[in-house]
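Visitor: I have a model open and I'd like to learn how to read it. Could you walk me through it?

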Amino acid sequence: MNLKPQTNSPPPIEVRSLRKVFRQTTSGQSVVAIDRLDLTIAPKEVVAIVGQTGCGKSTFFDLAIGLDAPTEGTIRIGDKSPYGDFDYFRGKIATVFQQDRLLPWRSALDNAKLPLELIGLPEAEQRERALTWLNRLGLSQFTNAYPHELSGGMRQRVAIARAFSVQPEILLADEAFGHLDEVTAAELRETFLALARECGSTAILITHQLEEAIGVGDRIVVFGKSAKLLADIHVAQWPKPKHALLREAIQSTLQNDKPDPRLAV
Amino acid sequence: MPPEEHIPAPVPVPDLIFPRQTLVSLLVFAICWEALSHLAPYLGIPPFAIPSLLRIAKSVADITPLDVAVTLARVIGALIVSFVLGVAAAMAMYRSPTLDDYLHPMIRILMAVPVVSWILFAVLWFPGVEFRIGFVLVVVCGPVFLVDSLDAMRSVPRELRHMMQSFRPTTLQYFIKLMLPAIVPSIFTSWKVNISLAIRVVTIAELVGAVTGIGHQLSVAQELFSVADVFAWTLVLVVLLFLLEAIVARAEKRLLRWRP
């Protein structure tokens, strides 16, 4: 089975005046996780969102996949809301998490098939597509292995195969390679990126690692506290010899929680 | 891409063995019992109180398979009904916190009522013997399945629930693909607890009013002052319990083979 790129371009993602406030159960105090965020992500763009721990990256991830509702403002994917039109995005949005989150009672093949079962594909097609993706990720020998029989890197590959199996329009990865050793993480990042481009998906990678953000994204969005947009960088404008400078500028932005003059938003 | 990294070696699962110590302790008990049965007249104990092993063996040989089958059918039937109702109610309560708020106190009250009270209620409320026994078994075992399943559903890791929701399952898919497989280990524990509970409860329920089943035969043996018969029927109950537990353990081993 050949990998078919998206025939239709995925819709753009538009975030307007997004605000998310949580109320703490014990103290009753309100915590602003995201404060008036505006962001547009073009179709097929690969965007890395980088920010320090607690800056609202994961809250943004939950809002973008539609598992939580904004307090104010909107996130639209095309003309739909991932939260309000939840079912519409079945098979259109896929996720890779920091931990593999494989179902321990399912083999690698059955885990990769899961999203295909949910969209109701015929069994033979589910199997064929899941096997194709597992093969692409170098797991053809391990399709019947249970998660506990696989190494951390292999489990994360199964999780990537599971996300790609539906050939989603939008792919979101939340610190998906952060817990792996450097060699495995770099290898998986490269594979993830190549597959996302091949699939024609829009990809959003949330990370706190600058190297990952610089190495993967077409664009790097830097979040400050409460997801304040500190910098929006098109990596192509910073060719490889300037990467050290770019890293330095992002680092300074994150440390000072204000845009470095070298990075104009 | 070639697979790298170390693959953990599978952990060997030891086969179930019948320990020698068990055989030795049973043998010692049998010898002591036999000795006591011969010494009983000299100790002032009536001879019928401690029958010889040969007399017990005769009683075992006289066991009527129909009574065993009837009790077994009652236990299995009631456990299946309890399981289905318990898990279905747990799913509904998991899905609806309001329903949980209303039903939880009722379940706690149900679980606090003694078995004997349930038997008396059943005798007073229902005319049919089978319905009475079934009612008592379901009302005692059902809440165990319910509470265990509900607790297990609530213990499904947030990460897995989050992952599953991100792929947008329907409510039915969410339960079938995530919740039910996730609670299987807990369901097996409930079955083991409930088999033992059901065997004891069915015996008491059959003592009152039933004209078939092991409980009824125990009642007859008591009326005849036949300790040998009581011993034989009790032995049948114990063997039945072990057999059912062995079947559940086998199913558990098969269905939970994914566990490290």
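Guide: We'll take the helices of chain A, then its domains, then chain B.

Guide: Some housekeeping. This is a predicted model, where local features need pLDDT of at least 70, side-chain atom pairs count only at pLDDT 80 or more, and totals for chains, interfaces and linings use all residues. Residues are numbered from 1 along each chain as its sequence is written, while chains are lettered from A and ligands numbered from 1 in the order in which they are written.

Visitor: How do I read a helix, say helix 5 of chain A, and what should it span?

Guide: Helices (H or I, at least four residues) and strands (E, at least two) are DSSP runs, numbered from the N terminus. The expected span of a helix is 1.5 Å times one less than its number of residues. Helix 5 of chain A (residues 182-199) has 18 residues and should span 26 Å; its end C-alpha atoms are 25 Å apart, which agrees.

Visitor: Which residues of helix 5 of chain A are buried?

Guide: A residue is buried if 20 or more other C-beta atoms lie within 10 Å of its own, exposed if 12 or fewer, and partly exposed in between, with C-beta atoms placed from the backbone. In helix 5 of chain A the buried ones are A:Leu188, A:Arg189, A:Phe192, A:Leu195, A:Ala196 and A:Cys199. They line one face of the helix, because seen down its axis they fall within an arc of 140° (the arc is that of the directions from the helix axis to the C-beta atoms). An α-helix has 3.6 residues a turn, so residues three or four places apart point the same way. On the face turned away from the buried side of helix 5 of chain A sit the exposed A:Glu182, A:Val183 and A:Ala194.

Visitor: What do the buried residues of helix 5 of chain A pack against?

Guide: Contact here means two residues whose C-beta atoms, placed from the backbone, lie within 7 Å. Among the partners are strand 3 (46-51), helix 3 (123-136) and helix 4 (152-164) of chain A.

Visitor: Which residues are buried in helix 7 of chain A?

Guide: A:Leu246, A:Ala249, A:Ile250, A:Thr253 and A:Leu254. Their arc is 135°, so they line one face of helix 7 of chain A. Exposed residues on the face turned away include A:Gln251 and A:Gln255. The cover over the buried residues of helix 7 of chain A includes strand 3 and helix 6 of chain A.

Visitor: What are the domains of chain A?

Guide: Domain bounds come from an automatic or database domain assignment. For chain A it gives domain 1 (12-92 + 169-177 + 186-265) and domain 2 (94-167). Their centres, taken over C-alpha atoms, are 25 Å apart. Domain 1 of chain A puts 14 residues into the contact and domain 2 of chain A puts in 18. On the domain 1 side, helix 5 of chain A gives the most, with five residues.

Visitor: How many helices and strands does chain B have?

Guide: Ten helices and zero strands. Of its 260 residues, 29% count as buried. The C-alpha trace of chain B spans about 80 × 55 × 30 Å along its principal axes.
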